[in-house]
Amino acid sequence: MSEQRGSHGIELRHLRAFIVVAEERSFTRAAQRLLLTQPSLSRAVMALEQALGTRLLSRDRHSVALTAAGARFLVHAHRVLAVLDEAVDSARRATTVLRVGFTSGATAEITSPVVRAFEAEHAEVTVDLRRYDDAGASLAEGKCHVAFMVGGARDPSWATLLLCEEPRIAALPAEHPLTGRDVLTLDDLREHPVVVNVLAGTTHPDLWRPGSRPRRFVRVQNIEEWLEAIATGRGFGLTPAATGRVYHHPQIVYRPVSDAPPVPISLAWKSVGGHPLIADFVAVAARSAQEADRPAPGQTER
């Protein structure tokens, strides 16, 4: 592609430079990653800001941060490069590729049966499975065409298919006094610290009544950190029951929570301008959800 400049004077190298700086939060690290000199990287970002007529990054000698405009633009920049990569990939491959995002844990039992059923009906399609700590962010950025989501849709431009609702369970350190009970309530847990996965978790203070909420939340970034924080006694976790079925840890005990609302497990995709095979994938997922034999709400395995 000899012509890379858009009608606004924006080039692909400008987008790549901005995205990497935004990810690294450092011009020095971004330049090293892109194998560029720091001055040339700075010029690329400045050219992008001049073309847009707004600042995308706030920087000083010690830090780099996204401005409000930069945060909005970053989502679209990811999508532009993702569409370009998809076009190049499509031209080079003999088969069509459908990118499917998922998170570990709650969606694990659903993802593989749906993908297997889809591939059985579409032998000409390659399903590219991609694991993300935040599948919603990957869908928004165009990194995947369709995503298995824990919780509800966060973007009004998405369409969703509810696959099931998972009861919530408590994950407790093995020596926690509450492990002696067969069933817990939210009030039983409110005096203890809560470990929260800030990227993919579904636990938030509004699960408890005002005035009865836990006073301390321990924040982690992924399922592995969540498990270890609980195992080492930093607090308890609330999670879909599927997490307890998928992740067995010798220092964690799972117990049902009778009054915690269930967690929706959904398939999400962009309602406009999506991959032409999304409709087929959604149909397979809907059929698979109807055929699945899952534990009824309120039940869990230990």
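Asparagine 222 touches Asp133 and Asn197, leaving aside residues up to four places away in sequence; a contact here means heavy atoms within 4.5 Å. Asparagine 222 sits in the loop between S9 and H8, in a protein with 10 helices and 12 strands. Helices (H or I, at least four residues) and strands (E, at least two) are DSSP runs, numbered from the N terminus.

Before going on, keep in mind that this is a predicted model, where local features need pLDDT of at least 70, side-chain atom pairs count only at pLDDT 80 or more, and totals for chains, interfaces and linings use all residues. Residues are numbered from 1 along each chain as its sequence is written, and side-chain values use heavy atoms, with hydrogens and water left out.

**More on asparagine 222**

- Asparagine 222 is buried, with a relative accessible area of 16%; buried means under 20%, exposed means over 50%, and partly exposed is in between, using a 1.4 Å probe and protein chains only.
- The side chain of asparagine 222 also has a polar atom 3.2 Å from the backbone nitrogen of glutamate 224.
- That side chain reaches the backbone nitrogen of glutamate 225 too, at 2.9 Å.
- For polar contacts, the rule is a pair of N or O atoms within 3.5 Å; within protein, one must be able to donate a hydrogen and the other to accept it, and residues adjacent in sequence count only if both atoms are side-chain atoms.

**The whole protein**

- Of the 302 residues, 46% count as buried.
- The C-alpha trace spans about 65 × 55 × 35 Å along its principal axes.
- Take the contacts with a separation of 6 or more: 70% of them come from residues 24 or more positions apart.

**Strands S8 and S9**

- Strand S8 (residues 194-197) is covered on both faces: Val194 and Val196 are buried on one side, Val195 and Asn197 on the other.
- S8 pairs with strand S9 (residues 217-220) in the parallel sense, over 4 bridges; two strands pair if DSSP finds at least two bridges between them.
- Valine 195 has valine 218 in S9 as its bridge partner.

**Arginine 234**

- You'll find arginine 234 in the loop between helix H8 (223-231) and S10.
- Arginine 234 touches Pro193, Val195, Arg216, Val218 and Ala229, again not counting residues up to four places away in sequence.
- Arginine 234 and proline 193 are 41 residues apart along the chain, yet their C-alpha atoms are separated by 7.0 Å.
- With 46% relative accessibility, arginine 234 counts as partly exposed.
- The side chains of arginine 234 and threonine 232 are joined by a polar contact of 2.6 Å.

**The sheet with 3 strands**

- This open sheet has the order S10-S7-S11, and its pairing is antiparallel.
- Strand S10 (237-240) and strand S11 (252-256) are at the edges with a single partner strand each, so one side of each has no neighbour in the sheet.
- From one strand to the next, the twist averages 35°; axes are lines fitted to C-alpha atoms, for helices over the stretch in contact, and angles run from 0 to 180 degrees between N-to-C directions.
- Strand S7 (residues 168-173) is joined to S10 by 4 bridges, and alanine 170 has leucine 238 as its bridge partner in S10.

**The sheet with 5 strands**

- A second open sheet runs S4-S3-S5-S12-S6, with mixed pairing.
- Strand S4 (125-131) and strand S6 (158-166) are its edge strands, each pairing on one side only.
- Here the twist averages 20° from one strand to the next.
- Strand S3 (residues 96-102) and strand S5 (residues 146-150) pair in the parallel sense over 2 bridges, and valine 100 has valine 146 as its bridge partner in S5.

- Phe27, Ala30 and Ala31 are the buried residues of helix H2 (residues 27-34).
- They cover an arc of only 100° around the axis, so they lie on the same side of H2; that arc is taken from the directions from the helix axis to the C-beta atoms.
- Their cover includes helix H1 (12-24), helix H3 (38-52), strand S1 (57-59) and strand S2 (64-66).
- At the start of H2, a side-chain oxygen of serine 26 comes to within 3.3 Å of the backbone nitrogen of threonine 28.
- Leucine 35 follows H2 and has a positive phi, near 60°.
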